[in-house]
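Biologist: I would like to learn how to read a ligand site in a model. Where do we start?

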Amino acid sequence: MCIFCKLINKEIPSNIILEDDEFLAFHDINPKAPVHILVIPKVHIDSFNEANSSLMGKMSDFIQEVAKEVKIEKSGYRVITNIGENGGQEVKHLHFHVLGGAKLSWSHFTDADPQGHF
Ligand code: AMP
Ligand code: ZN
């Protein structure tokens with residue numbers, strides 16, 4: 001069983017913010033911003049590649065609720081999901097990072113290929 005499934009089953013502890021029948025939001029153990037929350041579906045899905053429109057629709061509603069719960073909906077925030085090797089996905093259970101609480105950096109990639117040649 002994957003680490004986030006164990007977390008859902010309360011086999012390992014987490015700092016939960018919001019929970020319903022289908023989703024769970026909890027604080028990231030290694031935060032990259034003053035507010036760093038992970039939002040996961042309770043059903044095991046490997047990544048965004050396997051997510052369908054029905055799940056994503058409900059996920060959007062839930063993430064918006066989480067942003068309100070921690071009062072970052074007006075100041076702004078960022079939602080990220082890492083996919084696979086190049087995306088830097090470490091945990092193979094679909095999760096959305098919700099980052100906020102400060103102005104977030106957005107760095108430039110010097111080797112970017114704006115013509116899309118690769
Ligand atoms: P990713 O690199 O997109 O797969 O993100 C995985 C995230 O899960 C990282 O930001 C970790 O800090 C976080 N993480 C791993 N284990 C736990 C845990 N037990 N509780 C909370 N966050 C965790
Ligand atoms: Zn899982």
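Modeller: With terms. Helices and strands are DSSP runs, numbered from the N terminus, and a residue lines a pocket if it has an atom within 4 Å of one of the pocket's grid points. With that, H1 gives the most to the lining of the largest pocket, namely three residues. Keep in mind that this is a predicted model.

Biologist: How many helices and strands does the protein chain have?

Modeller: Three helices and five strands. Read from the N terminus, their order is α-β-β-β-α-β-α-β.

Biologist: How is a pocket found?

Modeller: Rolling a probe the size of a water molecule over the atoms shows where empty space is left. Here, the largest pocket holds about 640 Å³ of space. Its lining has 25 residues, and Phe4, Asp28, Leu38, Glu90 and His97 are the closest to its centre.

Biologist: Which elements each supply at least two residues of that lining?

Modeller: They are H1, E2, strand E3 (35-41) and strand E5 (96-100). By class, the lining of the largest pocket has eleven nonpolar, eleven polar and three charged residues.

Biologist: Where does ligand 1 sit?

Modeller: The space that ligand 1 takes is the largest pocket. Helix H1 (3-8) and strand E2 (23-27) are the elements that give two or more residues to the shell around ligand 1. H1 gives the most to this shell, with three residues.

Biologist: How many residues surround ligand 1, and which are the closest?

Modeller: There are 16, and the closest are Asp28, Asn82, Glu90, His95 and His97. Sorted by class, the shell has seven nonpolar, seven polar and two charged residues.

Biologist: How do I read polar contacts, and which residues make them here?

Modeller: Look for pairs of N or O atoms within 3.5 Å. Asn82 places a polar side-chain atom 2.8 Å from an oxygen atom of ligand 1. His97 also has a polar side-chain atom 2.8 Å from an oxygen atom of the ligand.

Biologist: What share of the area of ligand 1 does the protein bury?

Modeller: Ligand 1 exposes 500 Å² when taken alone, and the protein buries 87% of that.

Technical notes. Residues numbered from 1 in each chain as written. Chains lettered and ligands numbered in written order. Predicted model: local features only at pLDDT ≥ 70, side-chain atom pairs only at ≥ 80, totals over all residues. Heavy atoms only, no water. Near = heavy atom within 4 Å. Polar contact = N/O pair within 3.5 Å; in protein donor to acceptor, adjacent residues only side chain to side chain. Areas by Shrake-Rupley, 256 points an atom, 1.4 Å probe, with all protein chains shown as cover. 1 Å grid on protein atoms, 1.4 Å probe; cavity = no way out; pocket = protein on both sides within 12 Å on 5 of 7 lines; lining within 4 Å. Sits in = over half its atoms within 2 Å of the grid points. Helix = DSSP H or I, 4+ residues; strand = E, 2+ residues; numbered from the N terminus. Nonpolar A, V, L, I, M, F, W, Y, C, P; charged D, E, K, R; others polar. Points joined across faces, edges and corners; volume = space filled by probe spheres on them.
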